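Here are a few exercises to work through with the model open on your screen. Try each task before reading its solution.

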Amino acid sequence: MALPTIFRRSLVAIALGVTVSGTAVAQERELLNSSYDIARELFAAINPEFQAKWQEEHGEEIAISQSHGGSSAQARAILQGLRADVVTFNQVTDVQVLADAGLVAEDWQDAFENNASPYYSTTAFLVRKGNPKGIESWDDLVQEDVEVVFPNPKTSGNGRYTYLAAWGFAENEFDGDEEQIEDFMRTFLANVAVFDTGGRGATTSFIEREIGDVLISFESEVNNIRSEYGSDDYEVIVPPVSILAEFPVAVVGENAERNGNSDLAQSYLEYLYTEETQRLLAGFNYRVHNETVVEEFADQFPETQLLEVNEVFGSWDEAMETHFEGGGLLDQLQRR
Amino acid sequence: MSQLATWRTGSTRVLPGFGLSMGISVLFISLVLLLPITGLFGQLAGLSLAEYWAIITEGRVVASYMVTIGAAAVAALINAVFGLLLAWVLVRYDFPGKRLLDALMDLPFALPTAVAGITLATLYASSGWMGGLLEPLGFQVAYTWVGIALAMAFTSIPFVVRTVQPVLEDLPAEVDEAAMSLGATDGVAFRRVILPHIWPALVTGTGLAFVRSLGEFGAIIFIAGNMPYETEITALMIFVKLQEYDYAGASAIASVVLFVSLSLLLAINVWQGRFVRRLHGGKG
């Protein structure tokens, strides 16, 4: 384990925007996990555990690299040649893009349990101390004096979930009356104070710049922010109706095969379903499926009705087409 | 040998090696400049003319042109005035810290623009130092059009300073002193003697600042607020198209920006050529 080797690897890693974790020994196999922006800390916690386990079971030392960025940007990078072995995204559509390009198996959602989503979350609200505007659910967000902060659905998967959750709520509330739903959404969108391009940007606007009365983001992110910035200053509100946000994973078959990592990639993703990892995920405020862990963390995750994109909108593809593409409903609702 | 050189370049040159250096230059330009641009237009090949037109004239995109061009124009004008002033101070006066000020001029070039954007947003948000002072007075800078112009002005100021500065250095102080000794007032000396001399450089610098502002993304995105039809810039529209995996659409909008920039640069070049010819009495 010569120091210059590590140094050189780090330089390459810095140049690629990839962090190398674990010990770097020449010749060892290296798995590249391409993931969304805010999962950096999560996988930094999971990787050493998996490496230890693999070492114990197979007597082989492996390295795991992480690459983080917007989920869509990551998918684009892989389409253009980033040799990631596995993807752990926050958007079903971003994995689907890879499947459409033949990089990921067509039936990737059946390759692992729960639609290949080892953990999930929902959208929740972060409000300022004492919840001065009394925000409890989506219909409180369309009041005249409420300013809302969430990332732009055009540029952020996080923002898309927020939009779809609000739509799903309105659809229930107004019994599917198109006109009323659209009015609701128009007001909701007009109450947005700043449209940041991603989740972290929205957090900065809400916390550092003190803009808006409520930040809408993934429940996991909102809880993490609250524990980081002070539980006295902010409150987390999980609305009674929200959306199921799946975090899909897949083996990038072509790359894993070329890198000689197929077995490793498969085991790595399976490892996310083990009880120990599920417990770790719950510690990061993600909701999980393992029943033992669910019971352990019951207090942390309030019961709420989770709408599914496939049920409310048909499918992700349909939701993208009707709502988010150029000239779609989002564009129409924002038109002046 | 000298005959050969003449044949190769079409004119008599003192230094040999034109053929090789020209060849390398053309290759370099092709690889670094033309190839990416060809790639851009390659993406456009997938679009019919009607589709292309529909993309670039979509309401929200047109609104973004207005925002971008308007803010870039304001930023360029601000920079024309203050860039000239800065260049003047740097060339004509000696004062402690002059070298530091001179070095500071290049800071916007050295600083990643995203850092500039985040810093500006922090300063001008209502919780920031400047924003906290301005907002009670009724001026909102962050998340408005003003913030966009401000960010553009920040990233493009060196263009004006660095184009005007050397030209001013060429103009010795004796020239305006002579004008004044012949009875010209300050204003007249500036207008009739100094301005004609630096005018081409000032226009070029301002033009470059404008063009640079059109394409700016990193600095603006954090301070703009990105509200549809109000504070969305064209570069964000391109970014949105890329997020949708719509490469052709992104290229279409980018081609509009590119076209405006190229036309402006070309116009400045042509105009400058004429200006120089007139200045030298027909020889150019």
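This is a predicted model: local features need pLDDT of at least 70, side-chain atom pairs count only at pLDDT 80 or more; totals for chains, interfaces and linings use all residues.

**Exercise 1. The enclosed space**

How many cavities of 30 Å³ or more does a search of the whole structure find?

- Step 1: the search turns up one cavity of 30 Å³ or more.
- Step 2: go for the volume; the largest cavity holds about 100 Å³ of space.
- Step 3: pick out the lining. From chain A come A:Lys154, A:Gly326 and A:Asp331, while chain B brings B:Glu58, B:Arg60, B:Val61, B:Glu232, B:Met237, B:Val240 and B:Lys241.
- Step 4: sort by class, and you get six charged, three nonpolar and one polar residue.

**Exercise 2. The interface**

How many residues does the contact take from chain A, and how many from chain B?

*Solution.* 
- Step 1: chain A puts 28 residues into the contact and chain B puts in 25.
- Step 2: about 2200 Å² is buried between the two chains, with carbon and sulfur atoms giving 50% of that area.
- Step 3: look at who does the burying on chain A's side. A:Arg76, A:Arg209 and A:Arg336 account for 29% of the area that chain A buries against chain B, more than any other three residues.
- Step 4: look for salt bridges across the interface of chain A and chain B; the rule finds two.
- Step 5: zoom in on A:Lys154 and B:Glu244, which form a salt bridge with their closest N and O atoms 3.3 Å apart. You've met A:Lys154 already, in the lining of the largest cavity.
- Step 6: check the predictor's scores for the complex, an ipTM of 0.78 and a pTM of 0.83.

**Exercise 3. The open pocket**

Which residues lie nearest the centre of the largest pocket? Then say which elements line this pocket.

*Solution.* 
- Step 1: the lining has 27 residues, and A:Asp37, A:Gly70, A:Thr197, A:Gly198 and A:Gly199 are the ones nearest the centre.
- Step 2: the elements giving two or more residues are α3 (71-79), α7 (157-173) and α9 (199-207) of chain A, plus α12 (218-221) and α13 (234-243) of chain B.
- Step 3: as for volume, the largest pocket has about 500 Å³ of space.
- Step 4: class by class, its lining has 15 polar, nine nonpolar and three charged residues.

**Exercise 4. A pair within a helix**

Why are A:Glu275 and A:Arg279 separated by about one helical turn?

*Solution.* 
- Step 1: both sit in helix α13 (residues 275-283) of chain A, and they are about one turn apart because four residues separate them there.
- Step 2: check the side chains; A:Glu275 and A:Arg279 form a salt bridge, the closest N and O atoms being 2.8 Å apart.
- Step 3: for context, the structure holds 18 salt bridges over all chains.

**Exercise 5. Chain B's fold and the confidence**

How many helices and strands does chain B have?

*Solution.* 
- Step 1: chain B counts 14 helices and zero strands.
- Step 2: its C-alpha trace spans about 60 × 55 × 30 Å along the principal axes.
- Step 3: chain B averages a pLDDT of 89, with 94% of the residues scoring at least 70.
- Step 4: chain A has a mean pLDDT of 89, and 92% of its residues reach 70 or more. Over residues 1-25 of chain A, though, the pLDDT is below 50, and this stretch has 29 contacts in the model beyond near neighbours in sequence.

Methods. Residues are numbered from 1 along each chain as its sequence is written. Chains are lettered from A and ligands numbered from 1 in the order in which they are written. Side-chain values use heavy atoms; hydrogens and water are left out. On a 1 Å grid over the protein atoms alone, a cavity is a set of points where a 1.4 Å probe fits but cannot get out, and a pocket is an open set with protein on both sides within 12 Å along at least five of seven lines; lining residues have an atom within 4 Å of a point. Grid points are joined across faces, edges and corners, and a volume is the space filled by probe spheres set on the points. Ala, Val, Leu, Ile, Met, Phe, Trp, Tyr, Cys and Pro count as nonpolar, Asp, Glu, Lys and Arg as charged, and the others, Gly among them, as polar. pLDDT is the predictor's confidence in each residue, from 0 to 100. Contact means heavy atoms within 4.5 Å. Buried area is the accessible area (1.4 Å probe) that two parts lose on being put together, summed over both. A salt bridge is a side-chain nitrogen of Lys or Arg within 4 Å of a carboxyl oxygen of Asp or Glu.
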